[in-house]
Amino acid sequence: MESARNGFYTDRTLLENTRDYREGDSFKNINWRLLARKDEVQVNEYEKLTMRRVCFMPDMFSFTHIEEILEGNERREERVTEVEELENMFSLLASLIVKLHERGVLCSLVIPAIGDKEEKLVMPENAETQVMELLGALAEIEYDAQHTRLPVDAIMIQRHKLGQIYVLSKNLQRSALGADPMAADELSAISILRESPALSEGERSILTETDFKAI
């Protein structure tokens, strides 16, 4: 197969039709058998297929917990971010994007609304530049234990462009998914990606996938 271009790839095993040669056509598309048999220069046209698509949604809120803080004689509760685990998730997500890009998969990214900031949908159409675009969007995320909101309406509008949606979550009980009943109803096709237990000390397994409907 040829390299992906603008969200499509050409499957050279699927011949759609032939047509007369036009200036600028690639010589590799010339139908040499027809040329030898009929002395006519024809070029092959192959089927263009939409690339496979995968969408990721980092669930930052699931990487937080309530911590009791003692100040003088007073105790108060404060939500804090589990920074190391959150950074590991972002690193894992970046690796997934790079690996899927190498396999010809077009990736998208849904960044939930953080605090008073609006949600962001990053949907590259150019396979050649998608890695830089997506990793740049990840690098711009600033998160400090704020509540997040899932952009359910925006996702449903763009659902046909996103492909399979995966949420990277640490703790489903803390997840924005569990806090939003609308999400559970509307986003039933979502799968949850979360770290599986280490196989041995110092070793990280990749991910386990659990179907959202089963949770």
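A polar contact is a pair of N or O atoms within 3.5 Å; within protein, one must be able to donate a hydrogen and the other to accept it, and residues adjacent in sequence count only if both atoms are side-chain atoms. By this criterion, the side chain of E125 makes a polar contact with the side chain of R53, at 3.3 Å. The model is predicted: local features need pLDDT of at least 70, side-chain atom pairs count only at pLDDT 80 or more, and totals for chains, interfaces and linings use all residues. Residues are numbered from 1 along each chain as its sequence is written, and side-chain values use heavy atoms, with hydrogens and water left out.

The E125 and R53 side chains also meet in a salt bridge (3.3 Å, N to O). A salt bridge is defined as a side-chain nitrogen of Lys or Arg within 4 Å of a carboxyl oxygen of Asp or Glu. Helices (H or I, at least four residues) and strands (E, at least two) are DSSP runs, numbered from the N terminus. Residues are called buried under 20% relative accessible area, exposed over 50%, and partly exposed in between (1.4 Å probe, protein chains only). E125 counts as partly exposed because its relative accessibility is 41%. R53 is buried, with a relative accessible area of 18%. E125 also has a C-alpha atom 9.2 Å from that of C107, 18 residues apart along the chain.

C107 belongs to one of the two covered faces of strand β6. This strand spans residues 105-111 and is mostly covered, with seven of its seven residues buried. In a regular strand the side chains alternate between the two faces of the sheet. On one side of β6 are V105, C107, L109 and I111. On the other are L106, S108 and V110.

Strand pairing was assigned where DSSP finds at least two bridges between two strands. Strand β3 (residues 52-58) and β6 run parallel and are joined by five bridges. In this pairing, R52 stands opposite V105. Strand β8 (residues 120-122) runs antiparallel to β6, with three bridges between them. Here the bridge partner of I111 is K120. Strand β3 also pairs with β10, again in parallel and through five bridges. F56 stands opposite Y166 in β10. Four of the five residues of β10 are buried, so this strand is largely enclosed by the rest of the structure.

Nonpolar packing was examined next. In soluble globular proteins, nonpolar side chains tend to be buried together. A nonpolar core is a set of buried Ala, Val, Leu, Ile, Met, Phe, Trp, Tyr and Cys residues joined through side-chain atoms within 4.5 Å. The largest such core has 25 residues, of which F56, M60, L109 and I141 touch the most other members. Two or more residues each come from β3, α2 (83-102), β6, α3 and β10 (164-168). Helix α2 gives the largest share, seven residues.

A nonpolar patch lies on the surface. Its members are Y21, F27, W32 and V41, with about 430 Å² of accessible area together. Patches are made of residues with over 30% relative accessible area and no salt bridge; like charges are joined within 9 Å, and nonpolar side chains (Val, Leu, Ile, Met, Phe, Trp, Tyr) within 5 Å. Accessible areas come from the Shrake-Rupley method with a 1.4 Å probe, and for residues only the protein chains shown count as cover. Y21 sits in the loop between β1 (8-20) and α1 (32-38). Y21 counts as partly exposed because its relative accessibility is 31%.

The structure holds six salt bridges. Besides the E125 and R53 pair, R19 and D25 meet through their side chains at 2.9 Å, N to O. Both R19 and D25 are buried. A network of salt bridges links R19, D25 and E45. The side chains of R75 and E68 form another salt bridge (3.0 Å, N to O). In this pair, R75 and E68 are both exposed.

One backbone feature remains. A145 is not a glycine, yet has a positive phi of about 65°. The residue lies in the loop between α3 and β9 (148-149). A145 counts as buried because its relative accessibility is 9%.
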